[in-house]
Amino acid sequence: MRTWCTLTRRELAGFFLSLSGYIILAAAVFMMGYSFVLLLVTLQREPTPMPVTEVFYNTQLFWLILLLTTPVITMRLFALEKFSGTFETLMTTPVSDLQVVLAKFAAAMIFYAVMWLPLLPCLLIVRHFTYDSAALDPGTIGSTYLGILLLGGFFLSLGCCASALTRSQGVAAMISLVFGASVFMLAWIADQQPARASWQAQVLACFNFFDQMRDFVRGVVDTRPVVLLGSLSLFFLFLTLRVVESRRWK
Amino acid sequence: MIEVAHLTKRYAGRTAVSDISFEVGRGEIVGLLGPNGAGKSTTMRILSCYLAATSGTVRVAGLDVFRQSDEVRRRIGYMPENNPLHYDMRVREYLKFRARLKGLTRRRSRERVDVVTEQCGLTEVSRRMIGQLSKGYRQRVGLADALVHEPELIILDEPTIGLDPNQIRAVRQLIKGLGGTHTVLVSTHILPEAEMTCHRVVIMYEGRILAADTPENLQKLMSSNSQVIAEIAAPATELRECWIQMAEVEQFDVSALDGDYFRCALTPRDGLDLRPHIFAVVREHGWTMRELTRNRHSLEDIYVRVTRPDEEDAG
């Protein structure tokens, strides 16, 4: 646990002491700000019974932020260390592979959570000026953030795995972007298809992340997407662990 | 301290190390010597638990590096080739981070960081960013990192590469100072370095061990047929006569130099040291001698000879 804390702290320092960390933050804040403007425009046009979080989600910029930032956050985790050789010095200290993987993932997760913090004041400002015309309560904000973190966890674990596969940060980012886009497309196909009873359609419907996220922003926490996203994240972290271990049996 | 038995490491389609065995005793400084690509780094990576061997057993302090890797890593201080460091950290911060990773408590790590900072001469740069340091200082940071948890075994992969002569001397001094209390395995392709710092030398070539002995013994092995050069002022005919009569001389060659001097190159029989005999002869005849040297084979000759046997034969 102590080692894990040390490692996580080091990884976080890596994010916050590098220029790239701040570029990611700036880009995310810019997109959030843009969605905030869109949100205000929507609310000005007509009052809506939707929670503010759902109006925000409907701007679709959430997906853009998720798809673009997660590969950039995760690309450095393993690839940079492998490239610079510090991975070797790290793995020859008495730390376990699991500790390393979990520490890197945790650091990415914390950075990702920090990145989404600017959304909070945006929502509160809207709430302050619209009084009761737009609904927003702590529960909805909580479930929105839960959704953001769960989906983010899945995409970040994907990125971790991609970063562990290669020595080049660029390649790592490309792999996770392609996989992330594939997941997005899968969700889109699932969303587009008409409800049918065939078992294939039902399986595909499980991956309708659009619907699941829509539930979260409405304040509905369904256990099914929580379990699905949680286990998908664990699965990719497990793959990452195997990739890291593979140097010992390759 | 280190027991390597029949170690083999194959990468996809290429054998980096093939069936090597050697041992290193506690407190010894042993040099792994060989040209680039000889398998030195691979051997060191296996010893430091970074890679696993394809076959064979490797034990450090009686512990298997594969099965008891955690315990082994606690006992090893390893500095890889090119000494990778986190350039965005400060020296002291980095050393503390490494000490904590190696399982030292907060207090102990602070004490040890103070000690190694002092030991490696890093006191004045301890607050600087590693990325801004000169190569020599970075190398010292790497060494300090290897030493910070007081390991029993220190593995250094080419620690003096890319340093200027003064820095090389400083690093060598440091390594020498570690002997006795620590066991040190150091790899290099620079021969005088191994000759100067190591108690024993293991010469590797294409994944195999060609020779393993003390630098002195390796020299003895080579000096068995080493020539003696003498520059003597004497009549040429008498000189030749003299060498023909001397039973210990197998072959000789006399060539004229400036003035009355002649250069005599003498090859001894059965690896004898000819120098006392030559001196006796010169004194007996009352000649003048201005030079008497034995061609001492440096490790360099041995190295060239064992690593490139074909070329040696051809030459």
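Predicted model: local features only at pLDDT ≥ 70, side-chain atom pairs only at ≥ 80, totals over all residues.
**Note on helix packing and the A–B contact**

1. Helix 3 of chain B and helix 4 of chain B lie oblique to each other. Their axes cross at roughly 130 degrees and come within 9 Å.

2. Helix 3 of chain B covers residues 91–101, and helix 4 of chain B covers residues 106–119. Helix 3 of chain B passes helix 4 of chain B in a right-handed crossing. On the helix 3 side the contact is made by B:Arg92, B:Leu95, B:Lys96, B:Ala99 and B:Arg100; on the helix 4 side it is made by B:Ser109, B:Arg112, B:Val113, B:Val116 and B:Thr117. By class, the residues of this contact are four nonpolar, two polar and four charged.

3. In chain A, the axes of helix 1 and helix 6 (residues 97–116) come within 8 Å and cross at roughly 45 degrees. Helix 1 and helix 6 of chain A are therefore oblique to each other, and their crossing is right-handed.

4. The residues that helix 1 of chain A brings to this pairing are A:Thr3, A:Trp4, A:Leu7, A:Thr8, A:Glu11, A:Leu12 and A:Phe15. Those they meet in helix 6 of chain A include A:Val100, A:Leu102, A:Ala103, A:Ala107, A:Ile110 and A:Phe111. The contact of helix 1 with helix 6 of chain A has 11 nonpolar, three polar and two charged residues.

5. Between the chains, 19 residues of chain A are in contact with 21 residues of chain B. Helix 1 (2–16) and helix 5 (86–91) of chain A each supply at least two residues of the chain A side. That side divides into five nonpolar, 10 polar and four charged residues.

6. Helix 8 of chain A (residues 138–165) has 28 residues and reaches 40 Å from its first C-alpha to its last, close to the 40 Å expected. Because 21 of its 28 residues are buried, helix 8 of chain A is largely enclosed by the rest of the structure.

Notes
Residues numbered from 1 in each chain as written. Chains lettered and ligands numbered in written order. Helix = DSSP H or I, 4+ residues; strand = E, 2+ residues; numbered from the N terminus. Expected span 1.5 Å × (residues − 1). Buried ≥ 20, exposed ≤ 12 C-beta atoms within 10 Å, placed from the backbone. Axes fitted to C-alpha atoms, helices over the stretch in contact; angles between N-to-C directions. Parallel < 35°, antiparallel > 145°, perpendicular 65-115°, else oblique. Left-handed = near helix turned anticlockwise from the far one by under 90°. Contact = placed C-beta atoms within 7 Å. Nonpolar A, V, L, I, M, F, W, Y, C, P; charged D, E, K, R; others polar.
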